[in-house]
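Let's take a walk through this fold together. Have the sequence and the 3D view open side by side as you read.

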Amino acid sequence: MRKLKLIAAICAIFCTAVSPASASVTKEQALKVWSEVGQSTGLSSLPFSFKESIVPNAWVTSGKSVTVTTGLLEMLETEDELYGVLAHEAGHVKLRHADKTVSRQIGTSILTSVISSLIGGVVSPVANVGVSLASAGYSRQQEIESDDYAVKLAFKNGKNMAGLYTALQKLAKHNKTEPSGFNSHPPDERRLLHVRNMILSLDKSAVIPGEENKEEKERISQAARYSAAANAVQQELNRQAKYGANTENNAGQPAVSSTAEPLPHNGVDLPAENGVQQNAQ
């Protein structure tokens, strides 16, 4: 019986160790994250709500309420990622992007109305504004400004700045978009690179997800180069110690000294040279 319990315990530990982490953020975590973002941005009073939708998205409605979809919670994996998304949306409010968008749309609508009246058409400026705001999201420049705001807010509050970066990476792989909200402008390589550079500008030691192995490989490769260079130097020192520093013998033979003394005769007959016996002098 004890053996069976032990086996069951081992299996439980093993299954827990190898099972993948939950690939979603709960609603309770979302409320907690928004509380943190709201307190640091002065937006705690904004109502926070969830929308049942498979499309990952989040938005602030006219600076009066915050909404996230269940699809976004399913797509994200960590609170850091959701913090980056909600800080991004808070950035739109703090930077007054909605007001600027309304002003831009009103100007465009009035211009359209004037042109239409000149060519005989009748178009209501108010109707134009309504249609435009229903379908228009923030500009790409405004999205980048909110990205910067989110990264700086995370840095200021000691959060993981890479949360927004990985959230954008996940969004880039998603093929469903909406005309407004966080999902209105799927991130391209330039936007991701901008966020990466912003993170590193605030903290040069920050770890960018996906680049950990690259840096480790470079460190190992550099260490290997140093080791190889040290070995080459040591081998050369050993060679010089054995054969002499000025040897030109490529075959690795000991160098012959040019100042070697002549062999002593001591009255002994020298070997014959050209068949003639030589006597010692």
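**A tour of the fold**

Lys156 is exposed, with a relative accessible area of 65%; here exposed means over 50% relative accessible area, buried under 20%, and partly exposed in between, using a 1.4 Å probe and protein chains only. You'll find Lys156 in helix H7. Lys156 also sits 9.8 Å from Leu202, C-alpha to C-alpha, although 46 residues separate them in sequence.

A word on the ground rules. This is a predicted model, in which local features need pLDDT of at least 70 and side-chain atom pairs count only at pLDDT 80 or more, while totals for chains, interfaces and linings use all residues. Residues are numbered from 1 along each chain as its sequence is written, and side-chain values use heavy atoms, with hydrogens and water left out.

Now zoom out. The protein has 10 helices and five strands, taken as DSSP runs (H or I of at least four residues for helices, E of at least two for strands) and numbered from the N terminus. Of its 281 residues, 30% count as buried. Among contacts (heavy atoms within 4.5 Å) with a separation of 6 or more, 60% are between residues 24 or more positions apart.

Next, the sheet. Three strands make an open sheet in the order E1-E3-E2, with mixed pairing; two strands pair if DSSP finds at least two bridges between them. Strands of a sheet pair through backbone hydrogen bonds, either parallel or antiparallel. E1 (48-51) and E2 are at the edges with a single partner strand each, so one side of each has no neighbour in the sheet. From one strand to the next, the twist averages 25°. E1 and E3 run parallel and are joined by four bridges, with Phe48 opposite Val66 in E3. H2 packs on the sheet, touching E1 and E3, and its direction makes about 145° with that of E1. H4 packs on the sheet too, touching E1, E2 and E3, at about 25° to the direction of E2. (Axes are lines fitted to C-alpha atoms, for helices over the stretch in contact, and angles run from 0 to 180 degrees between N-to-C directions.)

What does H4 meet in H8? Asp80, Glu81, Gly84, Val85 and His88 of H4 meet Gly163, Leu164, Thr166, Ala167 and Lys170 of H8. The axes of these helices come within 7 Å and cross at roughly 90°. That makes H4 roughly perpendicular to H8, a label covering 65 to 115 degrees, whereas under 35 is roughly parallel, over 145 roughly antiparallel and the rest oblique.

Finally, the core. In soluble globular proteins, nonpolar side chains tend to be buried together. A nonpolar core here is a set of buried Ala, Val, Leu, Ile, Met, Phe, Trp, Tyr and Cys residues joined through side-chain atoms within 4.5 Å. The largest one has 40 residues, and Trp34, Val37, Leu72, Leu76, Leu82, Leu86 and Ile199 touch the most other members. Elements giving two or more residues include H2 (27-41), H4 (79-94) and H9 (189-202). H4 gives the most, with six residues. Leu72 touches Val55, Pro56, Asn57, Ala58, Leu82 and Val85, leaving aside residues up to four places away in sequence.
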